Amino acid sequence: MQDLRRRLGEADQRVAQGGANGPQGSLRAAPQLVRPLLPGTPSGAPAGWPRLAAPPQPEDPQRFAQLQAATICQIGVGRAGVRQRTATQLKWLGDRMIAVEAVRSELPQGFEQQIGAALSVQTRAGDLDEFLLRPDLGRELPADALSQVVSRCASGVDVQVLVGDGLSARAVAMNAPPFVQAFRAECQQRGLSLGDVVLVRRARVKVMDQVGEALRARTAVHLVGERPGLGTGDGMSAYLIFEPRNVAMDSDREVLSNIHARGTRPEEAARRVADMLVEFMRVGMSGVKRQAAPDPAERARAQPERRRDRVAERHTPRWGSAGSFAGAAPVGAHRA
Amino acid sequence: MLDPIRPKVLATRFIPNAPEELLAAYGLSGDAHPSLALITCDQDDALYVALDEATKQAPVDVVFARSLYAGAAHASGPLSGEILGILGGQSPADVREGLAACVRCLEHDACFYTANADGSLAIFPHVVHAIGSYLARESGLEVGAPLAYLIAPPLEAWVGVDAALKAADVRLVKNFAPPTETNFAGAYLTGSLEQCEAAAVAFAEAIVAVGHQPRVL
């Protein structure tokens, strides 16, 4: 409009200077104001008209609706002026509360029985607030709890399973029981000896190293509730390690994340975890070391049951395969 | 000459949740547009453009927009002006943002211009760079198309639109023949953005010449 106003001003001046030339005179002046067409611009109906941001104008509304339906993220929601729409804001608040409530959830009474745990211990973190504020306390069992574990659990087993609440007890309460049940069968099938399941309250991932070392387990699996995100509080991860030892680092671990109803189902996850552990023991390592094995033939062998994995992927919802979490190497990475 | 004549917003009101029977009387539905924003203004064409601007800035529709008979100089009341516009949306916040965009457009963009020395001749040589859903519906063009929105009194409109069509590579999309509610006339033209601007300039220039010398015989 600024430009038009400037040019209107020019026209104004021209008329004033030219005197009473009448319409003829002004028409002669007009073509000088017209710039030539841009090359390639078709006359009359120019292509590539600007698309407007609000409301969204998808080129393919059906595909757009599919994308929106494929995720609980709020995408293509448009705007009202320079801010979010009320519905978007309300859903955001609701999604945030789902995350907050998941962080503040506790494991239900009698959960030990549900997962068939031999015993239940608590890390050095006291209440939930201390657990959230002091990650270091959640990585270690106090001495008496550790001696309980040693005295009551089988040692020297192939697989030691820990179930910890992590940052979402709700996720563990929902997904650990079916996982553990399926995992027992998967281990039996593969001839893996499974140790006693230990329930750890106020647990961070690394506590698996301490317990695994104390019990001299060959591998360890730690089921923990994932840090909730907007609208999600039900994701569980399985952290896996070969030879759990206190000196282990996150790069020694691998993880299968997004174990939940919309992601990898617990039963499917149990099968994949068992496959991974068999592979760990075969190659004698886990984590980045294993995935970055220099020998390509070795690396090819390190991909267990490729055909079955592809079948599994077909049955796994879009975002549910595997992802990186807390520095551990994601299970899927070695396929990339 | 060619000075902007700023439109005056006369009254605005929100209806957060309009009654179904009142909506139905206007051919609307409470499911689609329960929340309304009403605005009156003393320049009908400036408000049409501003209402369209609102559809670009917020998820609202122009659910009602009509010029009132005889124009702002003969209004039915001090707040009637020459147009009533209504934006409809799904929430009060949506129509509030829509109306805010509408008022911004009236304050800073769309307006009539004087086309003679004493300012008694008013013309509307406006270019919309990219039309929203309302002007798309009114013009039959696609959302995002450039539009030259050219309005003047009847004879001046003929002369101006003639000059615009001859001076620029544009086509006539819709014509407004007199008499209209306000007895103005004009046309929607489209083409590339720069051709629309050239058309608007030619339109204004031709009418300035008419104002300068009304009679040639």
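**Exercise 1. Determine how strand β8 of chain B is paired and how far its residues are buried.**

Solution. Strand β8(B) and strand β10 (residues 185-191) of chain B pair in the antiparallel sense over five bridges. Here two strands pair if DSSP finds at least two bridges between them; helices (H or I, at least four residues) and strands (E, at least two) are DSSP runs, numbered from the N terminus. The model is predicted: local features need pLDDT of at least 70 and side-chain atom pairs count only at pLDDT 80 or more, while totals for chains, interfaces and linings use all residues. Residues are numbered from 1 along each chain as its sequence is written, and chains are lettered from A and ligands numbered from 1 in the order in which they are written.

Step 1. Within the pairing with β10(B), A152(B) has A185(B) as its bridge partner.

Step 2. Strand β7 (residues 122-128) of chain B is also joined to β8(B), by five bridges in an antiparallel arrangement. In this pairing V127(B) stands opposite A148(B).

Step 3. A residue is buried if 20 or more other C-beta atoms lie within 10 Å of its own, exposed if 12 or fewer, and partly exposed in between, with C-beta atoms placed from the backbone. In a regular strand the side chains alternate between the two faces of the sheet. L147(B), Y149(B) and I151(B) point one way from β8(B), A148(B), L150(B) and A152(B) point the other way, and all are buried.

Step 4. Six of the six residues of β8(B) (residues 147-152) are buried, so the strand is largely enclosed by the rest of the structure.

**Exercise 2. Characterise the surroundings of T190(B).**

Solution. Step 1. T190(B) belongs to strand β10 of chain B.

Step 1. T190(B) counts as buried because it has 26 C-beta neighbours inside 10 Å.

Step 2. Two residues are in contact if their C-beta atoms, placed from the backbone, lie within 7 Å. Leaving out residues up to four places away in sequence, T190(B) touches L141(B), A145(B), P146(B), L147(B), V170(B), R171(B), V173(B) and C196(B).

Step 3. One of these contacts, R171(B), lies 19 residues from T190(B) in sequence and 5.6 Å away in space, C-alpha to C-alpha.

**Exercise 3. Classify the packing of helices α7 and α9 of chain A.**

Solution. Step 1. The axes of α7 (residues 143-152) and α9 (residues 207-214) of chain A come within 9 Å and cross at roughly 45°.

Step 1. Angles under 35 degrees count as roughly parallel, over 145 as roughly antiparallel, 65 to 115 as roughly perpendicular and the rest as oblique; α7(A) and α9(A) are therefore oblique to each other.

Step 2. L146(A), V149(A) and V150(A) of α7(A) meet Q210(A), V211(A) and A214(A) of α9(A) in the contact.

How values were computed: Axes are lines fitted to C-alpha atoms, for helices over the stretch in contact, and angles run from 0 to 180 degrees between N-to-C directions.
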